[in-house]
Amino acid sequence: MAMIRKPIITVLGHVDHGKTRMLDAIRGTAIAEREAGGITQHIGATEVPIRVIEKIAGPILAKYRFELKIAGLLFIDTPGHEAFSNLRKRGGSIADLAVVVIDIQKGMQEQTFESIDILKSFKCPFIVAANKIDSLHGWIKTEGSFTESITHQHESVAALLDQKIYEIVGQLHSRGFVSERFDRVKDFSKEIAIIPVSAKFFEGIPEVLLFLAGLSQ
C-alpha cells in the first residue's frame, strides 16, 4: 500500500562530510522551481513535492523503473544525530528513511559508524551518499545526474571511484550490511544503495531524490 503522507527523511554522517551541503543542495532545487512553488520551507523541515522530483530526475526515471506514488518527501533539518538522540528516551523513530553522508575520500569515520548503529537500532532503512566525488583527481564536473556524469569520466577515474566505493562497501559489511553502488544493486530489500554525489555541484542529487522516493513506497 502506498504511503499517504510524505515520508520523513533525515540526514546523518560524520562532521564535515557534507550533511549541511546535502540539505542545501536539496533546498537549492527551489531556485529552479520557485515559480511553480516547487519546494516549501517549513520550520525545521524542507518539503520536496513529487512533481519536483520527477522534473529533476526525469531523464533517469524510466531507466530505474520507479513508479512514484507518494506526494513527495519531507526532509527534517535537525541533524540526524540530535534528532535520534532526543527520541531515544521516548522510543520510536523520527524518520521513515535516512541518508548517510560519507566523504568518499575519508570513508566511514566515528560518527558515521554511530549513525549506522543508531539507524540499525531503530530499524530505519537508509541509503549512502558517497559525497565529494568532485575531489577525486581527474573528475570532470557535470551538474546533474551521476548516471550521465559517469559516462564523461576517464577509465582510470571511474576505477578510482569504484575503489573508494568498495572501501565503503567493506566498512558497511563490518557492520552487518550488504551494499553496492546503486546502479549495480540487484535487490533493494537486501542491499544498501551507495550513490556517488557531489552536493557542492548538485551531481548525483537527482538519484538521491529518486531513490528515496522509490524506496519509501
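Before you select anything, one definition: a residue is called buried when its relative accessible area is under 20%, exposed when it is over 50%, and partly exposed in between, using a 1.4 Å probe and protein chains only. What you have open is a predicted model, where local features need pLDDT of at least 70 and side-chain atom pairs count only at pLDDT 80 or more, while totals for chains, interfaces and linings use all residues. Residues are numbered from 1 along each chain as its sequence is written, and side-chain values use heavy atoms, with hydrogens and water left out.

**Stop 1: the whole protein**

Show the cartoon. You will find eight helices and eight strands; these are DSSP runs numbered from the N terminus, with helices being H or I of at least four residues and strands E of at least two. Of the 217 residues in the protein, 54% are buried. Now think about contacts, meaning heavy atoms within 4.5 Å. Among those between residues at least 6 apart in sequence, 72% join residues at least 24 apart.

**Stop 2: R175 and D117**

Next, look for salt bridges, each a side-chain nitrogen of Lys or Arg within 4 Å of a carboxyl oxygen of Asp or Glu. The whole structure has six of them. Select R175 and D117, whose side chains form one at 3.0 Å, N to O. R175 sits in the loop between α7 (155-173) and β7 and D117 in helix α5, so this pair ties together parts 58 residues apart in sequence. R175 counts as partly exposed, at 28% relative accessibility, and D117 is also partly exposed, at 33%.

**Stop 3**

Move on to R184 and D162, which meet in a salt bridge of 3.0 Å, N to O. This pair links distant parts of the chain: R184 is in the loop between β7 and β8, and D162 is in helix α7, 22 residues apart. R184 is partly exposed at 31% relative accessibility, whereas D162 counts as buried at 18%.

Salt bridges with shared partners join D162, R181, D183 and R184 into one network. Within it, R181 is buried with a relative accessible area of 6%, and D183 is partly exposed at 31%.

**Stop 3: E180**

Select E180 in strand β7 (residues 179-181). Leaving aside neighbours within four places in sequence, the residues in contact with E180 include V169, V185 and I194.

**Stop 4: helix α8**

Finish by selecting residues 205-215, helix α8, where 10 of the 11 residues are buried. Colour the buried ones: I205, P206, E207, V208, L209, L210, F211, L212, A213 and G214.
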